[in-house]
Amino acid sequence: MSEAIGYELHGDIAILAANNPPVNALGHAVRQGLADGMARAEAEGARAVLIYGTGRTYFAGADIREFGKPPKEPHLPELCNRIEASPLLVVSAIHGTALGGGLEVALGTHYRIAVPSAKVGLPEVHLGILPGAGGTQRLPRVAGVEAALDMITSGRHVRADEALKLGVIDRVAEGDPREIGLAYVRELLDEGAPRRPVSEMPAPAPVDFDAVYAAVLKKGRGQLSPATAVRAVQAACEAESFAAGLKRERDLFMELMNSDQREGLIHAFFADRAVGKLPELEGVAPRPLAAIGVIGGGTMGAGIATAALLSGLTVTMLEMTPEAAEAARGRIEGNLSGALKRGKLSQAQFEALTTKALTLATDYAALTEADLVIEAVFEDMEVKKQVFTKLDAVCKPGAVLASNTSYLDINQIAAVTSRPQDVLGLHFFSPAHVMKLLEVVIADQTAPDAAATGFALGKRLGKVSVRAGVCDGFIGNRILSVYRTCADHMILDGASPYEIDEALEEFGFAMGPFAVADLAGLDIGWAVRKRKRAEGLDPRARDSAYADKLCEAGHFGQKTGKGYYDYAAGAKARVPNPEVLPLIEAERAAQGITPRAFGKDEIVRRYMAAMVNEAAKVVGEGIARRPLDVDVTLLYGYGFPRYRGGPLKWADLQGLPELLADIKRWAAEDAYFWQPAPLLEQLVAEGRSFDDLNKEAVS
Ligand code: TC6
């Protein structure tokens, strides 16, 4: 017997107890242990088998770390069939989560009991695959096609009460999984309940699978796994036998298993969990965090305050005037009423948050007791310096002082205080109570426990926190500014904003860069361009003024109804603004450029190469610690398609030598913009990948 599965004969009931922390993943030892345990129970004359998990959960799924490696027998599909075919009565007792292969094992058993807090689901589509151990064949037989399609294509976790209604589980009972499981098995034996293999249940009636397939494909924005899973469920209804349905499921599963999308999504899964693991902060305790201050109650400040209130922190909101403070309260209440409407907050909680937990102030003295203060004031170095000088004067010793700047130098800001060790950047993304990304920007003198406090705040607010170093734009905005510039160059050379948006939306971005610019407000880019010109552009840098003309005409994007697009018929019904192309043509003429055609592939390749090249510089300079930090930043803050894993995972999958060759080729037309990143050149020379760097950093 494998140690991963404990075996015990309790009277005439054999008990198989999974013991593979932390989540009882169904790795090789667990699968072998289950197969051996079934055989032993049958050989020792047991009448029934109970399967449950020790520790925090039933099986949370196949062991994802085994994906991409040669599979070892017993394979999960055969194991589920083996369990189901046993002449003994087999029962699962579920607590924690029964996910993916975990739920498939449970569906291979004849009866299922769960504790009320348990959740079940088939989340494989989030990993770029589909349930490949009979889940697409068994779930529709117990829950019906509609419910199975919903669970399998969404991957959502279903609570025990709903799972009971759907027929996925047979009973819900409070208690220890072993005890409730044993009692249930005893009851079933006593009443002479029959074995109940799901594979012997009748095939469910088909639905219009072509229509479902098309709808799911569209919703997935290029992600293949949910739509492919629809075809597997179709086989449950239409295949000539259960075995034929399983075969179809297997074929589709293998197709997805061998896809880049599977690699991308599994990379994203592990990157999510690795991003917060920073060796330099291991064992460093964060400072206490109960009361925070937010300076500036605009969209960003109000969003940060909302997130903090929702996490149970008390917030002092500082504004310049009582009127501005009241306006900030209005914004916060507006945000919170969204949570109220969605049922995430009760009316009583809403009132407590907006009265007791939130204090409005116009005097810095109100911040003396704050454990951490975040400023979200106007993006101007002099203004920020004034704020930090005042904070330095009033805040208690040890308070963490944070700036929400999106590109300014945190070292300069820290330098105006007498306590640079307490200063860091906390770069939120708007709307801050919704967007998951937080860049924790560590300045030269930031103390480890101040940094740890930044991460602790991120965790408390439910954010994905990425450590960033100081530079213009940190990780995300620095890379953004380069790929945006690449898009601007393509426009000068002949592409239209609409072609570029279309190509990138087909690539999988939620929105193309020009639609994003319209959403964010064209005035933001205009201000940055003015600042950069004032600082002095490198004479080799290409510049253009057509976008300024759009702003001069009062077109700032969605908020004014027009930008690159015209929004007269609503945000979703955007149409190209007819004023844009003539402005671009005039700019090309003024610069003596003869426009040429750009295909979608070239648009994507150049845009992505610019992104990857700058990302490699960001990693090479230590602004991001590992390639995966860049990937996570782009996934959570910039609408990068998760099924591609992030820009540096995408680059690995494309092949770094080919990408570098393209960059060098384009350098012949613009050597200033296309300067290859030293790290990219080094990796190509050494035959290594970005993921090799991730693995070295994690191991
Ligand atoms: C499948 O089953 C396919 C079947 C078809 C086969 C033919 N494997 O998330 P946490 C690790 S596909 C390996 O922080 P939580 C995780 O990396 C699978 N490792 O905890 C982390 O390790 P670290 C379908 C796994 O309490 C540690 O466990 N199943 C796996 O916030 C703790 O994880 C899923 O997709 C795994 N399957 O959430 C479920 N799962 O400490 C995926 C976790 O070294 N898992 N780890 O960083 C989850 O959704 C969550 O982990 C959770 C627990 C809800 C189970």
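Good morning. The residues of the shell around the ligand divide into 15 nonpolar, five polar and eight charged; Ala, Val, Leu, Ile, Met, Phe, Trp, Tyr, Cys and Pro count as nonpolar, Asp, Glu, Lys and Arg as charged, and the others, Gly among them, as polar. This is a predicted model, in which local features need pLDDT of at least 70 and side-chain atom pairs pLDDT 80 or more, while totals for chains, interfaces and linings use all residues. Residues are numbered from 1 along each chain as its sequence is written, and side-chain values use heavy atoms, with hydrogens and water left out.

In total, 28 residues surround the ligand, and the closest are R56, A62, G101, R273 and K277; a residue is near when one of its heavy atoms lies within 4 Å of the molecule. An oxygen atom of the ligand is 2.5 Å from a side-chain N or O atom of R56. A ligand nitrogen atom is 2.9 Å from a polar backbone atom of A60, and a ligand nitrogen atom is 2.9 Å from a polar backbone atom of I64. Of the 1,000 Å² of accessible area that the ligand has on its own, the protein covers 74% (Shrake-Rupley method, 1.4 Å probe).

I turn now to N694. With a relative accessible area of 4%, N694 is buried, meaning under 20% (1.4 Å probe, protein chains only). Not counting residues up to four places away in sequence, N694 touches H267, R626, P627 and L628, where contact means heavy atoms within 4.5 Å.

Thank you.

How values were computed: Buried means under 20% relative accessible area, exposed over 50%, partly exposed in between (1.4 Å probe, protein chains only). A polar contact is a pair of N or O atoms within 3.5 Å; within protein, one must be able to donate a hydrogen and the other to accept it, and residues adjacent in sequence count only if both atoms are side-chain atoms.
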